[in-house]
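Biologist: I would like to go through this model term by term. Please set each value against its cut-off.

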Amino acid sequence: MVICILGHHKGHGDDNFVENKALFEYSKLEKEQELTKPQSFVLSEFHFLLLCDNKVKVVNRVNQKVREELQFDHDFDSISGGILGLCSDATAGVFYAYDENSIFEISVHDEGQDMWQVYLELKEYAAALEHCKNALQRDQVYLAQAESAFSTKDFMRAASFYAKTNYILSFEEIALKFVAVGEQDALRTFLLRKLDNLGRDDRSQITMISTWATELYLDKINRLLLDDDKQAGVVPSSPDENNTEYQNILREFRDFLSDCKDVVDEATTVKLLGSYGRVDELVFFASLKEQHETVIHHYIQQGEARKALELLQKPNVSPELQYKFAPDLIMLDPYETVEAWMVANNLNPRRLIPALMRYSSEPRTKDETHEAIKYLEFCVQRLQNEDSAVHNLLLSLYTKQGDESALLRFLQCKYGKGRHGRPDIFYDPKYALRLCLKEERMRACVYIYSMMGMHEEAVALALQVDPELAMAEADKVEDDEDLRKKLWLMVAKHVIEQEKGAKRENIRKAIVFLKETDGLLKIEDILPFFPDFALIDDFKEAICSSLEDYNKQIEGLKQEMNDATHGADNIRNDISALAQRYAIVDSNEECGVCGRKIMASSGHGMARGFASPMAPFYVFPCEHTFHAQCLIGHVTKHTDPAEAERILDLQRRLSLLANSGTNFAVERMPNVADEEASGSNRTPTDQIRAQLDDAVAGECPFCGDLMIKEISLPFISPDETELLMSWEVKGGPLPREYGLA
């Protein structure tokens, strides 16, 4: 037997020259024939090429089996002596055989195509996988690994390899293998690994496998719980270990749900979790699927209000759930619920009213904080809520409180004051009055009556509570003296009728009461309230005081009458003097408008409505004079259009009356004295002239309001455009300048 040492180079310098050293007994190549020593050999990537008697044997380097024999299609004569040896071109990867005269090329095509099978036969699975060319070859390697592990009862490892196969065995066949041997854990592992290997397009298969894996997880959890129960009664030390396994599988199951939440069928998963009684996992899954309503309902059933409120405060939770679960939460934990509502900024207090009313209907101790009132006060004071329903509810809760002070403060506080276009109060006064009457909150009723302007009712009710309160209410009326006196009479009557002491003491108190009215009531006002048999001697002091006051009033009225008479006499004297008033006009006096002399004859004939050859004119106390026609023109030009139209209409009517034959001379203008003297016997012409005089000569146009109004007018009016353009400076050549020589 001949042995040769085989290997290939690796490394440099002092490193090992060869690796994978091995002994190859080439005597195994020919078992029945006489041993032929190889004449030459070369190495390829996976094979030995041995030259034996003009033949090349291709031997696999891994299993040392002859792959094939190559025959040369050439007859060798005795002279050539046959093939001398083999050689290779490592760079080109080509092999050659040669004799004395020829060189033969040995072609190599895909020599590693069957190497996966070689390694597979040797159970070198990793190497076999490296040399697989397609998925079918890999499936065979995985199947071989799985079958090997399954045969050794390493079911978990077998499940991992079975999950990688796709073509050789069907999913059902592999699953039945594990079912047949009762390996639920291995089956679950197979399903999980199968999920990892499936693509996104296998949606239906992913859903089915995920659902099956969910059921296997639940079965495993329940079996561990049963084992804990059994071992707890037999072996006390074993539950800890099983409990650790239980916690691990529970954690693994939750991780699985988190990973597969988008692929599992939601309805089926919920039914599975419910049928196995896994409430915590059901809540966990609902949280993953953002089924917040289910989670909150579970927390409320468990009495965990804080967890429910924390979930409701998350941004992705609908505010509608706040309103839906508000009644249950406020009954479960009022303080935490109200605190959560006060933190939230997206709640409508109106929609929380049913929950607040339900909470308010329950009995509570005196020292317990009323959370509904606290929240409503927050809405009204801090959030400045203007909803009447919110204000009315807070009002109704105040009425049920033992102390009336909070109710009075709320009624008196005007939350809408200072807000543009908003009322001072937002509660309904009529509703508030009904509630306060029902709950017998009399002071609050008095305030509401007073606020609604029902002062008589307010005082009448206040007299039943506290006379001092009634006095304060009666004193609030300031703009109606008669009503104020009436209210004080109501108070006086009540005070007198309620006194139970001696008669003189009652009278003394009545007199003191009169002083409190600041003179509004007199002794004669309250006398009818005393009994008929009361002696007048008891009122002597009060009656004398009242008579003195009346005497002072009479003296004051006399003085006023004397002053009025004196003033009337002065007015009559002024009127008489006014009738004799005159003004001296110089013959050279000029009209303030046209500049012509006032005394000059009219060159245009008589003005309309005047019959004198001299043009009529006006003289003012400031000594400004104007022709009548010039004054009319000036006033109509500068007054507003409506007044100007009225003046022109009066002038036209006066002209028509003058043209109808009624001629008159104007020696002086009519004045107040004339009007007083004429009375109602003035002619239509005089009446129209008086109206025209009032319109144009009520005040001097140069000294009165008409001149003041002209300050805001422009210097150049729109009709003076041509005058404005005449002042325009036009461009042109500059004039020449001449100098002296």
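Biologist: Why does Val380 count as buried?

Modeller: Val380 has 1% relative accessibility. Buried means under 20% relative accessible area, exposed over 50%, and partly exposed in between, with a 1.4 Å probe and protein chains only. So Val380 counts as buried. Two notes on the source: this is a predicted model, where local features need pLDDT of at least 70, side-chain atom pairs count only at pLDDT 80 or more, and totals for chains, interfaces and linings use all residues. Residues are numbered from 1 along each chain as its sequence is written, and side-chain values use heavy atoms, with hydrogens and water left out.

Biologist: Where is Val380 found, and which residues is it in contact with, leaving aside neighbours within four places in sequence?

Modeller: Val380 is in helix H16, residues 371-382. Helices (H or I, at least four residues) and strands (E, at least two) are DSSP runs, numbered from the N terminus. Beyond those neighbours, Val380 is in contact with Asn385, Val390, His391, Leu394 and Tyr415. Contact means heavy atoms within 4.5 Å. Val380 and Tyr415 are 35 residues apart in sequence, yet their C-alpha atoms are 7.9 Å apart in space.

Biologist: What makes Gln145 buried?

Modeller: Its relative accessible area is 8%, so Gln145 is buried by the under 20% rule. Gln145 is in helix H3, residues 135-151. Not counting residues up to four places away in sequence, Gln145 touches Tyr125, Leu129, Arg157 and Phe161.

Biologist: How do you know whether Glu290 and Glu623 are buried, partly exposed or exposed?

Modeller: Glu290 has a relative accessible area of 48%, so it is partly exposed. Glu623 has 62% relative accessibility, so it counts as exposed. Glu290 is in the loop between helix H10 (279-288) and helix H11 (292-301). Glu623 is in the loop between strand E10 (617-619) and strand E11 (625-627).

Biologist: What is phi for Glu290 and for Glu623?

Modeller: Phi of Glu290 is near 60 degrees, a positive value in a residue other than glycine. Glu623 has a positive phi of about 75 degrees, and it is not a glycine either.

Biologist: Why are H20 and H21 called roughly antiparallel?

Modeller: The axes of H20 (residues 442-451) and H21 (residues 455-465) cross at roughly 160 degrees and come within 8 Å. Axes are lines fitted to C-alpha atoms, for helices over the stretch in contact, and angles run from 0 to 180 degrees between N-to-C directions. Angles under 35 degrees count as roughly parallel, over 145 as roughly antiparallel, 65 to 115 as roughly perpendicular and the rest as oblique. Therefore H20 and H21 are roughly antiparallel to each other.

Biologist: Which residues of H20 and H21 make the contact?

Modeller: From H20 come Met442, Arg443, Cys445, Val446, Tyr449 and Ser450. From H21 come His455, Glu457, Ala458, Leu461, Ala462 and Val465.

Biologist: What makes a group of residues a nonpolar core?

Modeller: A nonpolar core is a set of buried Ala, Val, Leu, Ile, Met, Phe, Trp, Tyr and Cys residues joined through side-chain atoms within 4.5 Å. The largest here has 55 residues, and Trp341, Leu356, Leu411 and Tyr427 have the most contacts inside it. A second, separate core has 43 residues, including Ala175 and Leu273.

Biologist: How much of the protein chain counts as buried?

Modeller: Of its 741 residues, 37% count as buried.
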